[in-house]
Amino acid sequence: MDRPSDRTPQLLLLVAGAKGAIGTTLAATVAAMQKTPQLVLPGLTTADKFLFLGECPSVAMAGWDKSDDEIIGAIARHGVLPEEMWRPHESRLARLSVFNAPDATCTMAEQVKQLRADIRQCRKRHPDARPVMVNLLPAAYDISDPARYTTVDQLLSKAGTGILPDLAYVVAAIGAGIPVVNFTPNTVELPAICDLAVAKGVPIAGRDGKTGQTYFKVVLASALKARGLYVDGWYSLNILGNADGLNLMDPDHARGKLNNKTHLLDDILGYPVGERYGRSAHKVHIDYHPPRGDAKEAWDVIDIRGIFGMPMSLRLNLQGRDSILAAPMALDLARWAAALQAAGFAGPVPDLGFYFKKPVGSDAPVTFENQLAALDRLESRIESRIHERSHGNR
Ligand SMILES: NC(=O)c1ccc[n+]([C@@H]2O[C@H](COP(=O)([O-])OP(=O)(O)OC[C@H]3O[C@@H](n4cnc5c(N)ncnc54)[C@H](O)[C@@H]3O)[C@@H](O)[C@H]2O)c1
């Protein structure tokens with residue numbers, strides 16, 4: 001008779017940007033889970049959910065990157081984890097398949113072809129696993145007019161730097177029936193891609209992981225709104241010294257992220273912050289500060305008013321760690337995506353708004369309490385559909 005671990009399918013993370021700060025932290029997380037799950041599982045929101053996917057540690061990972069570093073070298077270079085945390089898992093980490101990124105000068109059709117061949121190899125290696133594409137590429141220019149690509153064929157004929165590299169990964173995954181988690185601020189959820197996802201029966205979760213400052217902003221703004229405290233101004237500053245921080249110094253690359261960080265406050269409160277002054281009083285600054293590495297620091301100064309317009313204020317100082325916050329979320333999201341697909345959900349999933357700065361799809365919940373409630377409802381819907389399916393199959 002099969003042992004339970006022989007029957008349970010594994011989750012297979014297919015990571016675009018596998019040698020980046022989050023990608024390597026995710027790799028170390030997946031490796032550590034096999035030996036020392038107690039270091040990781042308490043930090044996951046899905047550890048006790050979706051057990052039909054298999055035990056939580058039952059995860060494999062592969063991916064793509066354009067860096068020539070060995071994965072071990074990349075882990076050391078990012079310096080997210082002290083060596084004693086990842087060295088015991090070195091041999092497992094070294095076995096991870098990281099393919100070369102497709103050549104961006106080729107057409108997207110050629111890039112997708114290469115990626116599909118790589119995906120087939122990964123599937124052969126892990127035949128029982130449920131694959132999920134996790135997009136961890138760098139923040140890129142914002143596609144201000146996503147509607148201009150009305151068909152996937154239009155995308156496939158494009159080549160070169162004028163097109164978001166993420167799109168090749170997303171099209172390859174969806175074409176292969178693989179769900180997508182878009183952790184980046186990049187707009188991959190073009191109408192044509194969403195239509196393809198629905199046709200192929202794959203969910204898309206995104207976009208822009210809500211890891212640190214913005215997560216606490218949503219919590220606090222929701223709490224202030226619930227108490228009828230008027231937000232007069234919100235000043236947010238971030239310093240970070242990793243590659244993401246350096247990349248965000250390019251205003252074109254930062255635009256999408258800054259928009260995502262800014263808009264959600266007005267949406268939660270239901271009024272534009274700064275309306276009294278005739279200009280926005282919600283400011284968000286990101287500054288690259290090399291000495292900090294991945295140890296990001298964020299400050300928020302929040303000006304509020306109570307009855308009689310009496311002013312008060314609040315200060316928040318987060319001394320975070322970017323990739324330590326992000327990696328478990330990426331893993332959680334992959335589990336959600338796999339569970340959603342198993343339950344027959346397809347297309348963008350706005351009810352995953354808890355995890356994202358800019359949830360895709362219409363009617364995404366905006367306040368913290370609504371985001372939590374939406375997650376609970378989504379989990380119940382998944383469980384009941386899985387239950388119905390397994391009974392229907394008897
Ligand atoms: N860390 C956080 O808290 C957080 C929060 C929200 C969103 N994000 C987003 O997550 C993404 C990843 O962040 P990170 O800190 O790991 O970034 P990173 O710059 O460290 O990693 C990106 C990786 O992608 C690789 N890459 C670049 N172009 C590629 C291509 N065409 N194909 C394959 N690989 C390619 C790079 O070589 C690098 O290894 C970024 O878009 C970031 O904005 C991060």
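**Reading burial, a helix and a domain contact**

Guide: Asp351 counts as buried, with a relative accessibility of 17%, where buried means under 20% relative accessible area, exposed over 50% and partly exposed in between, using a 1.4 Å probe and protein chains only. This is a predicted model, in which local features need pLDDT of at least 70, side-chain atom pairs count only at pLDDT 80 or more, and totals for chains, interfaces and linings use all residues. Residues are numbered from 1 along each chain as its sequence is written, and side-chain values use heavy atoms, with hydrogens and water left out.

Visitor: Which residues does Asp351 touch, leaving aside those up to four places away in sequence?

Guide: Contact means heavy atoms within 4.5 Å, and with that exclusion Asp351 touches Pro365, Ala374, Leu375, Leu378 and Arg381. Asp351 itself lies in the loop between β11 (347-348) and α14 (368-392); helices (H or I, at least four residues) and strands (E, at least two) are DSSP runs, numbered from the N terminus.

Visitor: Where is the kink in α12 centred?

Guide: The bend at a residue is the angle between axes fitted to the seven residues ending there and the seven starting there, and in α12 a kink of about 25° is centred on Lys257. Lys257 is also one of the buried residues of this helix, and what covers those buried residues includes α10 (213-226) and β8 (282-288).

Visitor: How much area is buried between domain 1 and domain 2?

Guide: The size of an interface is often given as the accessible area lost when the parts come together. Buried area is the accessible area (1.4 Å probe) that two parts lose on being put together, summed over both, and here it is about 1600 Å², of which carbon and sulfur atoms give 61%. Ala139, Lys357 and Phe368 supply 34% of the area that domain 1 buries against domain 2, more than any other three residues.
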